[in-house]
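Here is a friendly walk through a protein model, one region at a time. Please keep the structure open beside the text and look up each part as we reach it.

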Amino acid sequence: MKNSKLWGIDLGGTKIEGVVLNNSTLEVISRTRIATEAQHGYEHILQRIKLLIDQISDEIKDKPTKVGIGTPGSIDPQSSVLKNSNSTSLNGKPFKTDLEKVLEVPIEMANDANCCALAEYKMGIIPDECPDAKVVFGVIMGTGVGGGIVVDGRLINGLHSIAGEWGHNFLDEEGGECYCGKIGCVERNISGPALQRYYKSISGKELSLKEIHSNYKSGNDPYAKETMERLVDLFGKGISVVVNILDPDAIVLGGGVGNIDLLYSEGKKALDKYIFNVGGSHTKILKPKLGDSAGVFGAALLVK
């Protein structure tokens with residue numbers, strides 16, 4: 001039966017993940033991931049996506065009639081090329097058009113953060129913790145920082161397809177120059193790599209974010225303490241701009257940085273300090289329910 005299955009692809013810098021969901025129950029029929037191999041360039045990425053689709057097709061003995069795909073960056077509505085991707089080989093390319101030619105099926109495409117927001121709204125934490133939510137802001141805080149807006153179950157893309165892109169608002173000059181060409185973006189201050197850079201700049205040591213967080217919890221590393229306290233304050237300052245403009249019912253934090261528990265306690269207090277509201281914020285800050293499934297599930301939901 002046509003559209004009895006929902007096909008989704010989550011394109012990341014290091015991996016490409018594919019899922020097939022049952023259209024009625026949203027149960028997983030198949031889920032597979034392969035390496036992106038982005039170092040081999042744009043055309044190679046297109047072929048890797050085709051390979052993944054072919055592998056899933058062989059496994060379930062079916063082919064897609066339409067595919068949803070979540071991408072870093074977004075398709076510019078005016079020029080139809082992909083922009084704002086930290087996977088820079090995709091920028092300036094007619095990615096959606098080229099991929100439709102390679103796969104020979106129509107594609108629905110959205111920013112990966114939008115896909116995460118949609119999945120958590122429809123299938124994840126929002127139905128459990130905030131079922132009456134009308135406006136939800138979904139955050140990605142990992143290698144990069146992005147966001148997606150869902151209002152009454154629909155993604156908001158905006159005129160330039162940049163709705164929710166709080167990661168490239170100005171936050172603090174100390175973050176330095178961003179790949180986007182501006183100085184001090186949110187992404188340059190509180191992404192995973194940014195936190196690691198900051199820790200190294202004050203300690204002289206190179207640690208992973210997981211190690212920095214562990215050292216903070218042990219209480220024996222003053223540089224880890226400074227790094228985490230700076231994260232909390234800048235998170236509150238950065239997200240307060242979103243709350244002042246959007247006033248969402250809930251914010252869902254995804255990505256590796258979103259695993260830091262401080263953001264849900266001290267980060268909430270920092271938001272209270274910066275928000276334009278007497279008595280602080282009543283916006284819920286929630287951990288995602290779907291984890292690393294959110295992006296690929298949201299991509300599949302694009303074709304529902």
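Phe 137 counts as buried, because its relative accessibility is 1%; buried means under 20% relative accessible area, exposed means over 50%, and partly exposed lies in between, with a 1.4 Å probe and protein chains only. Trp 166 counts as buried too, at 2% relative accessibility. Before going on, note that this is a predicted model, in which local features need pLDDT of at least 70 and side-chain atom pairs count only at pLDDT 80 or more, while totals for chains, interfaces and linings use all residues. Residues are numbered from 1 along each chain as its sequence is written, and side-chain values use heavy atoms, with hydrogens and water left out.

How are the rings of Phe 137 and Trp 166 arranged as an aromatic pair? The count of aromatic pairs comes to two, and Phe 137 with Trp 166 is an edge-to-face pair, 6.4 Å centre to centre with 75 degrees between the planes. The rule takes rings of Phe, Tyr and Trp (its six-membered ring) as paired if their centres lie within 6.5 Å; planes under 30 degrees apart count as stacked, over 60 as edge-to-face and the rest as tilted. This pair links distant parts of the chain, since Phe 137 is in strand 8 and Trp 166 is in the loop between strand 10 and helix 5 (186-190), 29 residues apart. Helices (H or I, at least four residues) and strands (E, at least two) are DSSP runs, numbered from the N terminus.

Five strands form an open sheet in the order 10-9-8-11-12, with mixed pairing; two strands pair if DSSP finds at least two bridges between them. Strand 10 (154-155) and strand 12 (284-286) stand at the edges with a single partner strand each, so one side of each has no neighbour in the sheet. Strand 11 (residues 250-254) and strand 12 run parallel and are joined by three bridges, and Val 252 stands opposite Leu 286 in strand 12.

Two helices lie across this sheet. Helix 8 (residues 222-246) lies across strands 8, 9, 11 and 12, at about 150 degrees to strand 8. Helix 3 (residues 112-122) lies across strand 8 (135-141), strand 9 (145-151), strand 10 and strand 11, at about 45 degrees to strand 9. For these angles, axes are lines fitted to C-alpha atoms, for helices over the stretch in contact, and angles run from 0 to 180 degrees between N-to-C directions; contact means heavy atoms within 4.5 Å.

Helix 3 is mostly covered, with nine of its 11 residues buried, among them Cys 115, Cys 116 and Tyr 121. Strand 4 and strand 7 pair in the parallel sense over five bridges. Four of the five residues of strand 7 (residues 107-111) are buried, so this strand is largely enclosed by the rest of the structure.

Another covered helix is helix 10 (residues 294-301), where eight of its eight residues are buried. What covers these buried residues includes strand 1 (5-11), strand 2, strand 3, strand 4 (67-71) and helix 3.

From here we can turn to strand 2 (residues 15-22), which holds Glu 17. Is Glu 17 buried or exposed? Glu 17 counts as buried, because its relative accessibility is 1%. Its side chain makes polar contacts with the side chains of Arg 31 (2.3 Å) and Arg 33 (3.3 Å). A polar contact is a pair of N or O atoms within 3.5 Å; within protein, one must be able to donate a hydrogen and the other to accept it, and residues adjacent in sequence count only if both atoms are side-chain atoms. Leaving out residues up to four places away in sequence, Glu 17 touches residues including Leu 52, Asp 292 and Val 296. Val 296 is one of the buried residues of helix 10.

Strand 2 and strand 3 (residues 28-35) pair in the antiparallel sense over seven bridges, and Thr 32 in strand 3 is the bridge partner of Gly 18. These two strands form a hairpin with five residues between them, and Leu 26 in the turn has a positive phi of about 65 degrees.
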